[in-house]
Amino acid sequence: MGLFTQLVTLPLAPVRGVVWVSERVLEAAEDQYYDPAPIHRALAGLEQQLLSGEIDEATFDRREDELLDRLDEIRAFRAGERT
């Protein structure tokens, strides 16, 4: 950018700053939402509940399917992100 362009677009600087911050917030939110570690912990906890008798086999299967679907979603997102 030349000096003239910078001077002309100077009033837009706050907007560019807000856009930049919004992009960083979105990236942080996606990193947290698409992190597989909490899903793995939930699967381990679910297995513990089944083994301790807190939940029955049908509940385990239903919740496990939900968590595995979530892992598939995370893998698909990360695969699409890298291409």
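**Reading a surface patch and the chain around it**

Modeller: Leu12, Val15 and Val19 make a nonpolar surface patch of about 250 Å². This is a predicted model, in which local features need pLDDT of at least 70, side-chain atom pairs count only at pLDDT 80 or more, and totals for chains, interfaces and linings use all residues. Residues are numbered from 1 along each chain as its sequence is written, and side-chain values use heavy atoms, with hydrogens and water left out.

Biologist: Where is Leu12 placed?

Modeller: Helices are DSSP runs (H or I, at least four residues), as are strands (E, at least two), numbered from the N terminus. Leu12 lies in the loop between helix H1 (3-8) and helix H2 (13-33). The protein chain has 4 helices and 0 strands.

Biologist: Why does Leu12 count as partly exposed?

Modeller: Buried means under 20% relative accessible area, exposed over 50%, and partly exposed in between (1.4 Å probe, protein chains only). Leu12 is partly exposed because its relative accessibility is 46%. Of the 83 residues of the protein chain, 14% count as buried.

Biologist: What does the C-alpha trace of the protein chain span along its principal axes?

Modeller: The trace spans about 70 × 25 × 15 Å.

Notes
Patches are made of residues with over 30% relative accessible area and no salt bridge: like charges are joined within 9 Å, nonpolar side chains (Val, Leu, Ile, Met, Phe, Trp, Tyr) within 5 Å. Accessible areas come from the Shrake-Rupley method with a 1.4 Å probe; for residues, only the protein chains shown count as cover. A salt bridge is a side-chain nitrogen of Lys or Arg within 4 Å of a carboxyl oxygen of Asp or Glu.
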